[in-house]
Amino acid sequence: MKIADRLSTVEEYYFSKKLREVRGLMAEGRPVINMGIGSPDMAPSQEVLNAVTEAIAHDGAHQYQSYQGLPELREAFTQFYKSRFNVTINSQTEVLPLMGSKEGIMHISMAFLNKGDEALIPNPGYPTYTSVTKLVEAVPRYYDLKETNGWFPNIEALEEQDLSKVKIMWTSYPHMPTGATATVAQLEELVAFAKRNQILLVNDNPYSFVLNENPISILGIDGAKDVALELNSLSKTFNMAGWRVGMVLGNAEHIDAILKVKSNMDSGMFYGIQKGAIAALNSDDAWFQELSRVYSKRRELIYELADKLNCEYDRNAVGMFVWAKLPNGISSAEKFIDEVLYDKNIFITPGTIFGSNGEGYIRFSLCVKADKIKEAIERF
Ligand SMILES: Cc1ncc(COP(=O)(O)O)c(C=O)c1O
C-alpha cells in the first residue's frame, strides 16, 4: 500500500529513533545513563495518586467523557491560571483540556493552517512545530534565535520581510531548549507584532514552574487574547508526562475552532485522569518548592559535569534542561554526543535536533537522579 505523500515530508521523531539505539546498547549490557529526554522520573503527589485511585470506583468513570472536559477540571485550569499567573480565563469558553500539549500543536495547526500557509518557527525550537506544519501541508519558516540576542527574535528584521502568508507564530517562553526567559516587555512586543501582522501567536509554555521564580503567561499581556493562544501542560510541572494532560487557553472563538478539530479526533479524557489533574492543579506552594529543591540540586551537578566537558552555560536559564555550548574546536554536536554515548555510555541530546542554530550546543536533562549524575561525572 502506497503511503500518503505527506509522510515523505517528515521523519520519525528523533527521540523515537535515538532511544531505540540507546535501548539496544543497554540490551547489550552497557550501563547507559540517559540524560536525553525531559521525562520526569519522580512521582506525582500523593493527593494526585489518591484522586485517580478513588475515581476509578465512581459511577460512570469508565464511560466516554465530555469533549470539553469536566466542568470542575476547566474550573481548576482557570484557578491555576489565576493563582499562578494572575490571568483571568473564562472556564466555560476559554480553555480546553488536551492529552498533552503536543497534540495541541496538531489541533491548532489543523484549525488555522491551510495548505501553503506559513508558520514562523523558532530555530532552535521544539521539533514538533516543524513536523506538524509539514503534515498539514503548510510551510515552516524559521526565525533565528541567537545567544547574542538572548534567544529572542529580532522583530524588526522579521518585519522587513514579506509576512503576508504567515498565519501562525510559535513561541515557547520559557524557551526550550535554551531555558531563556522573555520579559513582560518582550512578550508585549510579540503580541504587538502579531496584531500588526494578523498572525496567531501561540506560546507553548510547559516549563514555567521548573526552576523559574517568575512564571509569566502570554495571556497576561493586555489584549493578548485577541491574537494569542497558550499551551500548557501538567507533564513537567506535576511529574505527569505519561498521563498526557495539558490545556490550550485563548479567546472563545479560537478555542471553538480547536474544539471543532479535537472533537472529531478523540472522545474525551479518562475520568480518573481528569480527577488526578484537578488534584495536581490544586497543589500548594510546598509542591513547587520541593520540585525546585530536587531540580536545583541536580542542576548544580550537571553544571559540574558541563565544566568537566569545558562547556559554557547560562546560570540564569530556567526549566528542565541545561543548554551548554561546546568548547571551540568541536564542530559537530552530533559527532560529540555519539562519542560520549559510545565511549562513556552517557546519552546527551545534540543541539542540532532543535534546528541549525543548535549546532555547537548540547542539552542535558535534569530528569536524572543525583547519584547517576555523580556517576556520569566520575566517568570523565
Ligand atoms: C517545548 C515543548 N512543548 C511541548 C512539549 C510536549 O509536552 P506534553 O507532554 O504536554 O505533550 C514538550 C515536551 O518535551 C516541549 O519541550
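This section describes the surroundings of the ligand and several local features of the protein chain. The model is predicted, so that local features need pLDDT of at least 70 and side-chain atom pairs count only at pLDDT 80 or more, whereas totals for chains, interfaces and linings use all residues. Residues are numbered from 1 along each chain as its sequence is written, and side-chain values use heavy atoms, with hydrogens and water left out.

The ligand is surrounded by 13 residues, of which Asp 204, Tyr 207, Ser 233, Ser 235 and Arg 244 are the closest; a residue is near a molecule if one of its heavy atoms lies within 4 Å of it. This shell divides into five nonpolar, four polar and four charged residues. In this division, Ala, Val, Leu, Ile, Met, Phe, Trp, Tyr, Cys and Pro count as nonpolar, Asp, Glu, Lys and Arg as charged, and the others, Gly among them, as polar.

An oxygen atom of the ligand lies 2.7 Å from a polar backbone atom of Ser 101. A distance of 2.6 Å separates a ligand oxygen atom from an N or O atom in the side chain of Tyr 207, and a ligand oxygen atom is also 2.6 Å from an N or O atom in the side chain of Ser 235. Of the 400 Å² of accessible area that the ligand has on its own, the protein covers 91%; accessible areas come from the Shrake-Rupley method with a 1.4 Å probe, and for residues only the protein chains shown count as cover. The ligand takes up the space of the second largest pocket. A pocket is an open set of points on a 1 Å grid over the protein atoms alone, where a 1.4 Å probe fits, with protein on both sides within 12 Å along at least five of seven lines. A molecule sits in a pocket if more than half of its atoms lie within 2 Å of its grid points.

Arg 244, one of the residues closest to the ligand, is found in the loop between strand S7 (228-233) and strand S8 (246-249). Helices (H or I, at least four residues) and strands (E, at least two) are DSSP runs, numbered from the N terminus. Arg 244 has a positive phi of about 65° although it is not a glycine. Most residues other than glycine have a negative phi, and most peptide bonds are trans. With a relative accessible area of 32%, Arg 244 is partly exposed; buried means under 20%, exposed over 50%, and partly exposed in between (1.4 Å probe, protein chains only). A positive phi, of about 50°, is also found at Gln 198, which is not a glycine. Gln 198 is placed in the loop between H7 and strand S6 (200-204) and is exposed at 69%.

Strand S3 (residues 118-123) contains Glu 118, which counts as buried because its relative accessibility is 14%. The side chains of Glu 118 and Arg 141 are joined by a polar contact of 2.6 Å. A polar contact is a pair of N or O atoms within 3.5 Å; within protein, one must be able to donate a hydrogen and the other to accept it, and residues adjacent in sequence count only if both atoms are side-chain atoms. A polar contact of 2.9 Å links the side chains of Asn 123 and Ser 356. Ser 356 is exposed, at 54%.

Asn 123 is joined to Pro 124 by a cis peptide bond, with omega about 10°. The peptide bond from Tyr 173 to Pro 174 is cis, with omega near -5°.

Note on methods: 1 Å grid on protein atoms, 1.4 Å probe; cavity = no way out; pocket = protein on both sides within 12 Å on 5 of 7 lines; lining within 4 Å.
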